[in-house]
Amino acid sequence: MRVLCPHCQNKSVITASNRLSPSVAELYCRCNNEECQAGFVMTVAHKHDTQPPINNMKEMLAQLLRAMPSDERNQLMAQFPL
């Protein structure tokens, strides 16, 4: 992961991190620019998924199939023989 200094926009190194929750962390950083050398904290957070995890998709599919009337489910399954 690349972190840019908010002051000079140069590459910075992550020196430590503090996990605030499963989806949010604070990154303690130091700028690599000899003329800046700023120390700063960045917050990194998970915003949203662009594709759900495969296990979640499988579970959603299983729930949908269980909720379907059996005749519709059988017709659907007949279209995709294993």
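Let me start with Ser17, which is exposed at a relative accessible area of 55%. Ser17 sits in strand β2. Leaving aside neighbours within four places in sequence, it is in contact with Glu26, Leu27 and Tyr28, where contact means heavy atoms within 4.5 Å. Val44 is 27 residues away from Ser17 along the chain, and their C-alpha atoms are separated by 10 Å.

A quick word on what we're looking at. This is a predicted model, in which local features need pLDDT of at least 70 and side-chain atom pairs count only at pLDDT 80 or more, while totals for chains, interfaces and linings use all residues. Residues are numbered from 1 along each chain as its sequence is written, and side-chain values use heavy atoms, with hydrogens and water left out.

Now, the overall layout. The protein has two helices and four strands, and along the sequence they follow the pattern β-β-β-β-α-α. The radius of gyration is 24 Å, well over the 12 Å that the globule rule gives for 82 residues, so the protein is more spread out than a compact globule. That radius is taken over C-alpha atoms, and the rule is 2.2 Å times the number of residues to the power 0.38.

If you draw a box along the principal axes, the C-alpha atoms fill roughly 70 × 25 × 20 Å. Of the 82 residues, 13% count as buried. Among contacts with a separation of 6 or more, residues 24 or more positions apart account for 20%. The accessible surface comes to about 6,900 Å², and 54% of it belongs to carbon and sulfur atoms; those areas come from the Shrake-Rupley method with a 1.4 Å probe, and for residues only the protein chains shown count as cover.

So what is in the largest nonpolar core? There are seven residues: Val3, Cys5, Leu27, Cys29, Cys31, Ala38 and Phe40. By nonpolar core I mean a set of buried Ala, Val, Leu, Ile, Met, Phe, Trp, Tyr and Cys residues joined through side-chain atoms within 4.5 Å. Strand β3, residues 24-31, gives the largest share of this core, with three residues. Take Ala38: beyond its neighbours within four places in sequence, it is in contact with Cys5, His7, Cys29, Arg30 and Cys31.

Next, the loop between β3 and β4, where you'll find Cys36. At 27% relative accessibility, Cys36 counts as partly exposed. Setting aside neighbours within four places in sequence, Cys36 is in contact with Cys5, His7, Cys8 and Cys31. Cys36 and Cys5 are 31 residues apart in sequence, yet 8.9 Å apart in space, C-alpha to C-alpha.

Gln37 is in the loop between β3 and β4 too, and it is partly exposed, with a relative accessible area of 41%. Its phi is near 55°, a positive value in a residue other than glycine. Gln9 also has a positive phi, near 70°, and again the residue is not glycine. You'll find Gln9 in the loop between β1 (3-4) and β2 (11-21).

And Asn33, is it buried or exposed? Asn33 is buried, at a relative accessible area of 19%. Its place is in the loop between β3 and β4, the latter being residues 39-45. Once neighbours within four places in sequence are left aside, Asn33 is in contact with Cys8, Asn10 and Lys11.

Last stop, helix α2, residues 70-78, which holds Met77. Met77 counts as partly exposed, at 48% relative accessibility. Leu65 is 12 residues from Met77 in sequence, and the two are 9.7 Å apart in space, C-alpha to C-alpha.

Technical notes
Buried means under 20% relative accessible area, exposed over 50%, partly exposed in between (1.4 Å probe, protein chains only).
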